[in-house]
Amino acid sequence: MNKRNSSKGTRAEDGTYDSANAFHNLSGFEIKEVYVPEDIEQTEPERDLGRPGEHPFTRGIHKSMYRQRPWTIRQLGSLHSPSEANERIRHLLNMGATGISLCLDMPTIMGRDSDDPLAEGEVGSCGGVAIDSIEDMRSLMEDISLDTTSINFVSNAQSSVILAMFVAVAEERGVPLEKLTGTMQNDILKEYQAQKSYYFPPRPSMRLTIDTITFCNAHLHRFNPISISGYHLASAGAMPIQELAFTLANGFTYVEEAIKAGLPVDHFAPRLSFFFKVHNDFFENIAKFRAARRIWARTMRDRFHARDPRSCRFRVHTQTSGSSLTAHQADNNIIRVTIQALSAVLGGTQSLHTNAYDEALSIPTPRSEKLALRTQQIIQHESGVTHTVDPLGGSYYVEALTNQMEAECTSYFEQIENLGGVIPAIEKGYYARTINDAAFQYQRDVEERKRTVVGLNAFYETEETDIDLREPDPQFETEKISALKRLKESRDPALVKGCLDHIRDACRGTENIMPILIKAVKHHVTLGEIIGAMRDIFGEYREDFIF
Amino acid sequence: MMKKRKKRILIAKPGLDGHDRGAKIVARALRNAGMEVIYAGLHQTPLQIVRAAIDEDVDAVGVSILSGAHNTVFPKIMALLEEADAADILVFGGGTIPRKDIEALKSLGVGDIFTTGTDTAEIIRYLNKTLER
């Protein structure tokens, strides 16, 4: 093996290294040499920090945090086929995972059945599970306790249909809906802003989101109907400060919409949940969580007049940064994930997903996913960081950074406000432009070695060692398509047509669509058929692609 | 003396996969390097990509795939270009593509594949060199 360490570090080798840039965090804030009491003299502990579990929740949403409520160790249980995903979920739970996230494959994400010509080559892709009908939901959930296992469906534009299938399966199994636990990601705004998995224009999409929130509010009291997600914004390139500001602005938009739909704020707000990314800058991550809690609490109380303290609690699931993982020297990702995960814990997350080290190359192997899970268990049970609440509270640096992030958010809120709010800002291309610029800047910083990425632009090796990767199942797509065709042929066409007509009528009107969808999925109407019927009425969203 | 024609490049995201960060970064880097770049946007079928390549009279098509559908999409694009008598258009690619698949794609006529972590300067050098010939 002809390995050579061709770099001793960016600074020594590269004469153009801009030393001033070495002390900026990922949001571009200049970091001082040392932080002193004067840096936080405007902070009033009583007003700005409070005690853990008390307004404004800067130090955490619970009084004793991890001493009594350890964060949920939530790992990705999806695999291409529902039955294999079911096995993987049970395996993760057996190994000590305390929650599960489920990704969907690209066709399901885009509202297409496995037999759709556009799905070719992508059935079961991206480590996601292919869900065509209630049959798939049944086998996905087989022998999994629906009232004790917290399942987070990473489902967005198709959330109403996935929720309908989940509810229908729970009803079949006799599980009372008010006992169902888990989360539907269901955040359509960030789809237009970053992840780009939308079908309809923003208005009808928002209506579906509000229908699901209203339905859960009435029937699924322990279920989170939405997880307002900054993760995808950050993955598309948004800086941490932008992730923070855009996520909160989206959150406020959902609150406004739900209030407009007639829901009292304290009825639905306690079940709103969030999803953040932790990237490489350790303290910046921590400050982001603390600032988020403070801004959310203050805005919910002062602007939306929430009276229930639970409405003011920013509850968050976190995932380590997939986009920070390198294909080069992939083993190094184990360390990146560990550091990021620790920052999420010190930031006070309620739930955490640690990425597997081989994700820049393929979907995780059993070995890599186990290691990711064990990483969290070591932090939770061995490191001692859970012994006291918010151990970094009062740090001059952390408090100053928290204040700075809160202040910077205001200018983003103003920009969005000046464009007419979140949806007009989407339509005017604001998010696409802002995020593209940040992504390009980051790439340039890496290429110009202003940001060091170990193994990529520093300490690199000319020859890479191959690691074992999970092989895709080449038969799966064909098998899934034939099973779906058999299912479609076994149904009564008149019944299917009746359900789809009913869905179209509901789309034209204003009644809550959920009961109609639940009935349809019970009659084996497929996800692709339902989305197709909705598309007939709502139309498709088209954006101008800019780069 | 005739002004030298700028290189024209189509950047495309085939299939349903929406991971477009890399495609857009490459598009911008190529434009900054003086090339004319057309970004076809998301959710393009191989046929749409090939038609756009021909209509726009491009010198090369860059295809970005992160969904694992590379072994389905690239052969289709290559065959459609061949059918349309446009096999002179260079096809290159990028995304999450395992190393063991890259040789097979190259043997179909795909120029090169740039995976995660590639410096955009490397892609620019590659296009400048390959399209000069």
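Analyst: A crossing is called left-handed if the near helix is turned anticlockwise from the far one by less than a right angle, and right-handed if clockwise. By that convention the crossing of α10(A) and α12(A) is right-handed. Please keep in mind that this is a predicted model, in which local features need pLDDT of at least 70 and side-chain atom pairs count only at pLDDT 80 or more, while totals for chains, interfaces and linings use all residues. Residues are numbered from 1 along each chain as its sequence is written, and chains are lettered from A and ligands numbered from 1 in the order in which they are written.

User: ok, and at what angle do the axes of α10(A) and α12(A) cross?

Analyst: The axes of α10 (residues 240-260) and α12 (residues 282-302) of chain A cross at roughly 25 degrees and come within 10 Å. Axes here are lines fitted to C-alpha atoms, for helices over the stretch in contact, and angles run from 0 to 180 degrees between N-to-C directions. That angle makes α10(A) roughly parallel to α12(A), given that angles under 35 degrees count as roughly parallel, over 145 as roughly antiparallel, 65 to 115 as roughly perpendicular and the rest as oblique. The helices themselves (H or I, at least four residues), like the strands (E, at least two), are DSSP runs numbered from the N terminus.

User: which residues of α10(A) meet α12(A)?

Analyst: From α10(A) they are A:Pro240, A:Leu244, A:Leu248, A:Gly251 and A:Phe252, and their partners in α12(A) include A:Ala291, A:Ile295 and A:Trp296. Two residues are in contact if their C-beta atoms, placed from the backbone, lie within 7 Å. By class, the contact of α10(A) with α12(A) has 8 nonpolar, 2 polar and 2 charged residues, where Ala, Val, Leu, Ile, Met, Phe, Trp, Tyr, Cys and Pro count as nonpolar, Asp, Glu, Lys and Arg as charged, and the others, Gly among them, as polar.

User: and how do α12(A) and α15(A) cross?

Analyst: The axes of α12(A) and α15 (residues 396-418) of chain A come within 8 Å and cross at roughly 55 degrees, which makes α12(A) oblique to α15(A). The crossing of α12(A) and α15(A) is right-handed. Among the residues that make the contact are A:Phe283, A:Ala287 and A:Arg294 of α12(A), together with A:Leu401, A:Met405 and A:Cys409 of α15(A). The residues of this contact divide into 10 nonpolar, 1 polar and 5 charged.

User: stepping back, how many helices and strands does chain A have?

Analyst: Chain A has 21 helices and 9 strands. Its radius of gyration is 23 Å, close to the 24 Å that the globule rule gives for 547 residues, so chain A is as compact as a globular protein of that length; the radius is taken over C-alpha atoms, and the rule is 2.2 Å times the number of residues to the power 0.38. Of the 547 residues of chain A, 53% count as buried, which requires 20 or more other C-beta atoms within 10 Å of a residue's own, whereas 12 or fewer makes a residue exposed and anything in between partly exposed, with C-beta atoms placed from the backbone.

User: what pattern does chain B follow along the sequence?

Analyst: Chain B reads β-α-β-α-β-α-β-α-β-α, with 5 helices and 5 strands. Of its 133 residues, 47% count as buried.

User: how many residues does each chain put into the contact between them?

Analyst: Chain B gives 26 residues and chain A gives 32. On the side of chain B that touches chain A, α1 (21-32), α3 (70-83) and α5 (120-132) each supply at least two residues, and the largest share, 5 residues, comes from α1(B). By class, that side has 9 nonpolar, 11 polar and 6 charged residues.

User: where is A:His524, and is it exposed or partly exposed?

Analyst: A:His524 lies in the loop between α20 (514-522) and α21 (527-538) of chain A, its phi is near 65 degrees, a positive value, and it counts as partly exposed with 19 C-beta neighbours inside 10 Å. B:Asp85 has a positive phi of about 60 degrees although it is not a glycine, and it counts as exposed with 8 C-beta neighbours inside 10 Å.
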